[in-house]
Amino acid sequence: MPATRIVLPAKARKGEVIEIKTLINHVMETGFRRDSVGNAIPRDIITKFTCTYAGVEVFRMDLFTGVAANPFVAFTTIATETGELVFEWTDQHGAITREQAHLSVV
Amino acid sequence: MLALLLAPLSVQGQEPQRAIPASEMRSGREFVSAATRAQQDDLTVNPGMLWVEQGEKLWREPAGPAERSCASCHGEEASMRGVAARYPLYDSSLQRLLNLEGRIQRCRVEHQKGTPLAYESAELLAFTALIAQQSRGLPVKVDIDGPARPFFQRGRTLYLQRQGQLNLSCAQCHEDNWGRRLRAEQISQGMSNGFPAYRLEWQTLGSLNRRLRACFQGVRAEPFASGSDEFVALELYLAWRAQGLPIETPAVRR
């Protein structure tokens with residue numbers, strides 16, 4: 001499973017806008033390149049990224065070949081209740097990388 | 001003739017002349033865009049930290065037939081603080097100059113009884129990133145005296161020697177023309193204090209030797225192999241040029 005990094009505040013006030021930063025280790029090979037002997041390097045990309053917060057989807061993104069390796073995605077959401085944030089990256093083969101983070105709302 | 005033979009001996013222990021005075025020394029960090037600098041400084045978004053985190057895991061994993069991890073001997077990775085700042089370092093038992101990658105490879109063989117990790121492999125990059133990151137902020141402080149001096153001289157010769165089809169030396173760009181433009185890019189001083197670094201061009205973390213290979217290819221010279229004696233000697237010379245600049249690993253470079 002590729003390495004990921006997720007950064008968000010551990011605690012937030014109700015109604016506060018929080019920033020969430022995510023990073024995943026992935027080659028994001030475009031499929032347009034050739035190796036040193038001229039063979040095409042097959043495409044290998046992440047196609048979908050989603051984030052759910054306490055079961056509700058708060059962010060979704062489709063990724064294509066134009067996205068650089070190790071995609072960094074930052075977005076904001078409103079802290080509504082204490083709960084788990086689940087991050088899912090789906091690659092072109094359907095393999096899912098799932099990470100969780102906890103947010104306490106005070 | 002005698003004077004010529006004695007000349008290298010007499011410079012032992014003397015501080016060689018610097019082409020770029022200490023007051024004008026500038027890290028590669030100052031030659032990249034503000035956005036790239038911000039990405040490097042904020043460790044939460046620095047992509048190089050993916051390798052550092054991987055290194056933290058590997059640090060505790062037993063490896064090789066000896067079933068020992070790095071932590072079995074060294075304890076916490078924080079014990080490595082300051083180590084990377086001293087490399088490349090002369091190893092008296094091997095009578096060779098070792099860079100950080102070389103030292104990790106020796107450790108793998110001698111203490112873990114395993115096979116050395118390949119240069120530029122994800123594992124070796126993870127270890128070097130982790131160890132060098134412990135020294136982040138500390139000044140580069142390599143020893144070029146005593147047994148290290150011949151390696152230093154060799155590195156210096158390589159640095160000043162014209163090579164490749166373009167017939168250029170390292171110094172002609174990075175000392176005579178730094179700060180000026182080469183096509184769209186500003187020429188840096190070629191300081192090595194950020195490596196292993198995440199290069200946007202590579203879209204991955206890479207070693208200093210990989211960067212040197214790219215420079216050699218740039219002047220259309222045949223590059224030396226990564227980890228070769230020539231490159232490690234050149235690495236020592238580069239580290240001495242960057243003496244006093246803070247370690248920035250994992251740096252982000254264009």
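## A loop residue to start with

A:Asn70 sits in the loop between S5 and strand S6 (72–78) of chain A; strands here are DSSP runs of E with at least two residues, helices are runs of H or I with at least four, and both are numbered from the N terminus. The phi of A:Asn70 is positive, near 55 degrees, in a residue that isn't glycine. A:Asn70 counts as buried because its relative accessibility is 5%, where buried means under 20% relative accessible area, exposed over 50%, and partly exposed in between (1.4 Å probe, protein chains only).

A word on the model: it is predicted, so local features need pLDDT of at least 70 and side-chain atom pairs count only at pLDDT 80 or more, while totals for chains, interfaces and linings use all residues. Residues are numbered from 1 along each chain as its sequence is written, chains are lettered from A and ligands numbered from 1 in the order in which they are written, and side-chain values use heavy atoms, with hydrogens and water left out.

## Where the chains meet

Chain A and chain B bury about 1000 Å² between them, 56% of it on carbon and sulfur atoms; buried area is the accessible area (1.4 Å probe) that two parts lose on being put together, summed over both. A:Asn70 turns up again here: with A:Arg5 and A:Leu23, it supplies 46% of the area that chain A buries against chain B, more than any other three residues. In all, 12 residues of chain A are in contact (heavy atoms within 4.5 Å) with 12 residues of chain B.

Two salt bridges run between the chains, each pairing a side-chain nitrogen of Lys or Arg with a carboxyl oxygen of Asp or Glu within 4 Å. Strand S1 (4–7) and strand S3 (17–24) of chain A each supply at least two residues of the side that touches chain B. That side of chain A divides into seven nonpolar, three polar and two charged residues; Ala, Val, Leu, Ile, Met, Phe, Trp, Tyr, Cys and Pro count as nonpolar, Asp, Glu, Lys and Arg as charged, and the others, Gly among them, as polar.

## A lysine at the interface

A:Lys21 belongs to strand S3 of chain A and counts as buried, because its relative accessibility is 19%. A:Lys21 forms a salt bridge with B:Asp42, with the closest N and O atoms 3.3 Å apart. Setting aside neighbours within four places in sequence, A:Lys21 is in contact with residues of both chains, including A:Phe72, B:Thr44 and B:Val45.

## Inside chain B

The largest nonpolar core has 30 residues, and B:Tyr159, B:Leu234 and B:Leu236 have the most contacts inside it. Such a core is a set of buried Ala, Val, Leu, Ile, Met, Phe, Trp, Tyr and Cys residues joined through side-chain atoms within 4.5 Å. Helices H7 (149–160), H8 (170–174), H9 (208–218) and H10 (229–241) of chain B each supply at least two of its residues, and H10(B) gives the largest share, eight residues. A second, separate core of 27 residues includes B:Cys70 and B:Met80.

Most residues other than glycine have a negative phi, and most peptide bonds are trans. A:Ala54 has a positive phi of about 50 degrees, in the loop between strand S4 (46–53) and strand S5 (56–62) of chain A. A cis peptide bond joins B:Tyr87 and B:Pro88, with omega about 0 degrees. The bond from B:Thr249 to B:Pro250 is cis too, with omega near -5 degrees.
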